Amino acid sequence: LFSNLGLNFIMKKKVLISACLLGKNCRYNGGHSKLTELEEIDMEWISVCPEESGGLGTPRPSAEMQENAETILNGKGKIITNKGKNVTSEFIQGAEKSLQLGLGAEVKIAVLKSKSPSCGIGKIYDGSFTKSLKTGNGIFAHLCHENDIACISSDNINRIKKTLAKLK
């Protein structure tokens with residue numbers, strides 16, 4: 001509360017969020033993954049789409065990580081599309097831009113799209129384009145963790161609600 005400045009308002013807590021979860025049509029297939037449960041939560045959402053920020057259009061071919069995030073960020077792995085195109089640099093550039101937006105807004109929490117090569121948390125597609133999962137984080141989620149931004153998967157709506165309720 002800023003009453004010492006003569007202002008009577010409370011600043012909303014800022015939370016990074018995958019733009020597709022708010023309904024933006026930025027997923028690889030041109031769609032979104034809107035979580036309607038988030039409409040009732042009063043937060044200042046800092047919306048990001050690392051893939052669009054990296055210059056990849058929408059729609060775009062699906063892409064999967066061929067190694068883990070750390071290996072890719074160290075230049076020893078790649079992210080390729082289902083057409084065989086290497087899009088590693090676009091993913092890294094977009095993840096870094098999105099991270100800077102979050103750091104600039106001083107966020108401590110991110111709600112990110114599950115299984116994504118950018119935003120996936122805990123489980124991501126394994127690189128075989130067979131919808132098989134492996135343990136790991138997407139490039140953006142990995143960078144968030146490295147910069148002390150706690151990430152919550154879009155698959156865990158109960159954890160999202162509990163965590164965000166504590167921020168108020």
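Author: The buried residues of helix H3 are Thr88, Glu90, Phe91, Ile92, Gly94, Ala95, Ser98, Leu99 and Gly102, where buried means under 20% relative accessible area, exposed means over 50%, and partly exposed lies in between, with a 1.4 Å probe and protein chains only. The model is a predicted one, in which local features need pLDDT of at least 70 and side-chain atom pairs count only at pLDDT 80 or more, while totals for chains, interfaces and linings use all residues. Residues are numbered from 1 along each chain as its sequence is written, and side-chain values use heavy atoms, with hydrogens and water left out.

Helices (H or I, at least four residues) and strands (E, at least two) are DSSP runs numbered from the N terminus. H3 has 17 residues and spans 24 Å from its first C-alpha to its last, close to the expected 24 Å at 1.5 Å a residue; the expected span is 1.5 Å times one less than the number of residues. Just after H3, Glu106 takes a positive phi of about 60°.

The sheet comes next. Four strands form an open sheet in the order S2-S1-S5-S8, with parallel pairing; two strands pair if DSSP finds at least two bridges between them. Strand S2 (44-48) and strand S8 (150-153) stand at the edges with a single partner strand each, so one side of each has no neighbour in the sheet. On average, neighbouring strands of this sheet are turned by 25° against each other, direction ignored. Helix H3 (residues 88-104) packs on the sheet, touching S1 and S2, and its direction makes about 165° with that of S2; contact means heavy atoms within 4.5 Å, and axes are lines fitted to C-alpha atoms, for helices over the stretch in contact, with angles from 0 to 180 degrees between N-to-C directions. Helix H5 (residues 157-167) lies across S1, S2, S5 and S8, and runs at about 145° to S8.

Strand S1, which H3 touches, has four of its five residues buried, so S1 is largely enclosed by the rest of the structure. Five bridges join S1 to S2, and these strands run parallel; the bridge partner of Val15 in S2 is Trp45. Two bridges join strand S1 (residues 14-18) to strand S5 (residues 109-112), also a parallel arrangement, and in S5 the bridge partner of Ile17 is Val111.

Strand S4 (residues 79-81) contains Ile80, which is buried with a relative accessible area of 18%. Leaving aside residues up to four places away in sequence, Ile80 touches Ser62, Ala63, Glu64, Gln66, Lys85, Asn86, Val87 and Phe129. Ile80 and Pro61 are 19 residues apart in sequence and, C-alpha to C-alpha, 9.4 Å apart in space.

Turning to the whole, the protein chain has five helices and eight strands, and along the sequence these follow the pattern β-β-α-β-α-β-α-β-β-β-α-β-α. Of the 168 residues in the protein chain, 45% are buried, and among its contacts with a separation of 6 or more, 61% are between residues 24 or more positions apart. The C-alpha atoms fill a box of roughly 60 × 30 × 25 Å, taken along the principal axes.
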